[in-house]
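Reader: I would like to go through this model feature by feature. Please give the general idea each time, then the case at hand.

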Amino acid sequence: MTYFHWITGSVLALIWLSRVVDTSLGVRTLTNISSAEWDRKPATSAGNPLVAIIVPARNEENSIEQALQRLRALDYDNYEVIAINDRSTDRTGEIMNKVGSCSDGRPRPSASEAGAELDSGTTPSPQLKVVHIRELPPNWMGKAHAMWTAARQTDADWLLFTDADVMFRPDCLRRAIAYAEAERADHVVLLPRVLMKRPGEKMMVGFFQLLFVFGHRPWKVADPKAKDHVGVGAFNLVRRSTYEAIGTYDRLRFEVVDDMKFGKVIKNSGFRQRVVLGDDLIAIRWALGARGVVNNLTKNFFAVMSFQVWRAVGGSVVLAILNLTPFLGAILVHGWARVPYLVTLTSMFALYAGLWRRDKIGPWYFFLHPVSTVLIIYTVLRSMCVTLWNGGVVWRGTFYPLEELRKGLV
């Protein structure tokens with residue numbers, strides 16, 4: 001039994017210690033565009049390229065006004081905002097119209113477009129266009145369809161896909177475009193600052209970020225030989241030519257995890273992908289408490305597992321072994337055989353200490369790691385069971401059949 005613990009503990013220690021070293025060295029290579037170096041305008045001979053910021057929203061009445069007002073206050077001089085009201089049943093559309101209304105208060109003009117029932121209009125200022133989607137065509141996820149529709153409304157050089165609850169700092173876009181043009185990047189992902197107010201949020205977000213580091217190494221996406229890819233719904237900035245080359249959002253029309261798959265198809269198509277940090281350039285309140293995190297991820301996790309039961313169950317087992325065994329070993333095993341488990345826990349604590357420096361998640365949340373592990377495993381299995389029971393995914397009032405979701409996987 002002692003040999004078993006030595007082998008098991010040593011393997012776990014090697015896995016976690018290697019991740020600590022890789023993360024420590026890798027994060028240092030990521031550019032932080034909030035630094036003084038990137039406080040500049042894009043260095044292009046033709047002037048600042050036109051950027052279209054695309055904001056899909058369904059039932060976002062609590063955040064949409066502030067988000068749009070922040071976007072209209074950006075200090076970049078060549079951009080437009082396209083806000084998409086995706087069949088909202090609350091006041092989202094009304095608030096969008098209010099933000100984008102003419103100064104004299106007259107109602108907006110309307111227009112229609114094939115493929116969807118739309119009402120669209122522009123303000124006297126070209127910075128904001130509001131589009132109302134009344135019906136969702138077959139074989140489309142609502143968000144993917146909204147972004148595809150918005151991209152067809154513009155001929156901008158760059159498209160920035162974001163969410164309706166993301167708050168932008170005024171200099172964010174200018175810095176991002178300056179970096180993208182300097183690096184000749186085709187796709188830039190800016191990692192957001194996650195706003196957390198409750199202990200449950202910090203516990204769950206801290207674990208989720210560690211899980212993300214295991215599955216996707218952001219510092220490796222720039223390496224064309226690495227398979228690592230990243231896409232973030234809060235900030236996916238892509239060249240128009242790249243967007244068209246990968247087949248537009250039509251290629252992702254039935255993807256639940258559309259942001260990550262967006263990054264995947266761009267990377268696999270051979271385009272230059274970059275991930276950058278930005279401190280508080282963009283911020284988002286992802287969820288309210290631990291329960292909010294569980295509810296948000298219930299829609300996604302079975303999709304991440306490609307809607308396959310064996311992946312969900314197997315992934316849960318792997319999560320338990322990697323994250324719970326070190327704690328059990330350190331408590332239950334005696335003598336020198338406990339050492340590799342303690343090394344593993346020290347490595348895990350080091351990762352939490354790194355999160356504290358960047359995201360203000362105290363390193364003491366390490367001691368709640370077993371709790372967050374159990375909750376994440378519960379969420380994975382819950383996502384699987386709910387999806388199978390319902391025969392599909394229900395998201396924001398729309399049902400998407402499982403059979404069609406499996407066919408739409410990229």
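Reader: In which helix is S372 found?

Author: Helices (H or I, at least four residues) and strands (E, at least two) are DSSP runs, numbered from the N terminus. S372 belongs to helix α12, residues 369-390. Two remarks on the source: this is a predicted model, in which local features need pLDDT of at least 70, side-chain atom pairs count only at pLDDT 80 or more, and totals for chains, interfaces and linings use all residues. Residues are numbered from 1 along each chain as its sequence is written, and side-chain values use heavy atoms, with hydrogens and water left out.

Reader: Is S372 buried or exposed?

Author: Buried means under 20% relative accessible area, exposed over 50%, and partly exposed in between (1.4 Å probe, protein chains only). S372 has a relative accessible area of 0% and is buried.

Reader: With which residues is S372 in contact, leaving aside its neighbours within four places in sequence?

Author: Contact means heavy atoms within 4.5 Å. On that basis S372 is in contact with M203, M204, F207 and Y352.

Reader: What share of the contacts in the protein with a separation of 6 or more comes from residues 24 or more positions apart?

Author: Such residues account for 77% of those contacts. A separate pair, given by C-alpha distance, is V11 and L322: they are 311 residues apart along the chain, and their C-alpha atoms are separated by 9.8 Å. V11 lies in helix α1, residues 2-27, and counts as partly exposed at 44% relative accessibility.

Reader: How many helices and strands does the protein have?

Author: There are 13 helices and 13 strands. The radius of gyration (over C-alpha atoms) is 22 Å, close to the 22 Å that the globule rule (2.2 Å times the number of residues to the power 0.38) gives for 410 residues, so the protein is as compact as a globular protein of that length. Along the principal axes, the C-alpha atoms fill a box of roughly 80 × 50 × 40 Å. Of the 410 residues, 54% count as buried.

Reader: Now the sheets. What joins β5 to β9?

Author: Strands of a sheet pair through backbone hydrogen bonds, either parallel or antiparallel. Two strands pair if DSSP finds at least two bridges between them. Strand β5 (residues 158-161) is joined to β9 by 4 bridges, and the two run antiparallel. Within that pair, F161 has N236 as its bridge partner.

Reader: Which way do the residues of β9 point?

Author: In β9 (residues 236-239), N236 and V238 point one way and L237 and R239 the other way; all are buried. Strand β7 (residues 187-190) also pairs with β9, in the antiparallel sense over 3 bridges. There H187 stands opposite V238, and V188 stands opposite L237. Both faces of β7 are covered, with H187 and V189 buried on one side and V188 and L190 buried on the other.

Reader: In which sense do β7 and β10 run, parallel or antiparallel?

Author: They run parallel: 4 bridges join β7 to strand β10, residues 273-276. L190 stands opposite V276 there.

Reader: What is the strand order in the open sheet of 3 strands?

Author: The order is β6-β11-β8, with mixed pairing. β6 (166-168) and β8 (193-194) stand at the edges with a single partner strand each, so one side of each is left without a neighbour in the sheet. β8 pairs with β11 (residues 282-284) in the parallel sense over 2 bridges, and V194 has I284 as its bridge partner.

Reader: How many residues of helix α8 are buried?

Author: In α8 (residues 258-268), 9 of the 11 residues are buried, so the helix is largely enclosed by the rest of the structure. Among them are D258, D259, K261 and K267. Just after α8, G270 takes a positive phi of about 90 degrees.

Reader: Where does R87 lie, and what is its phi?

Author: Most residues other than glycine have a negative phi. R87 is not a glycine, yet has a positive phi of about 60 degrees. R87 lies in the loop between β2 (79-86) and α3 (92-99) and is buried, at 15% relative accessible area. F307 also has a positive phi, near 60 degrees. F307 is placed in the loop between α9 (289-304) and α10 (309-332) and is buried, with a relative accessible area of 2%.
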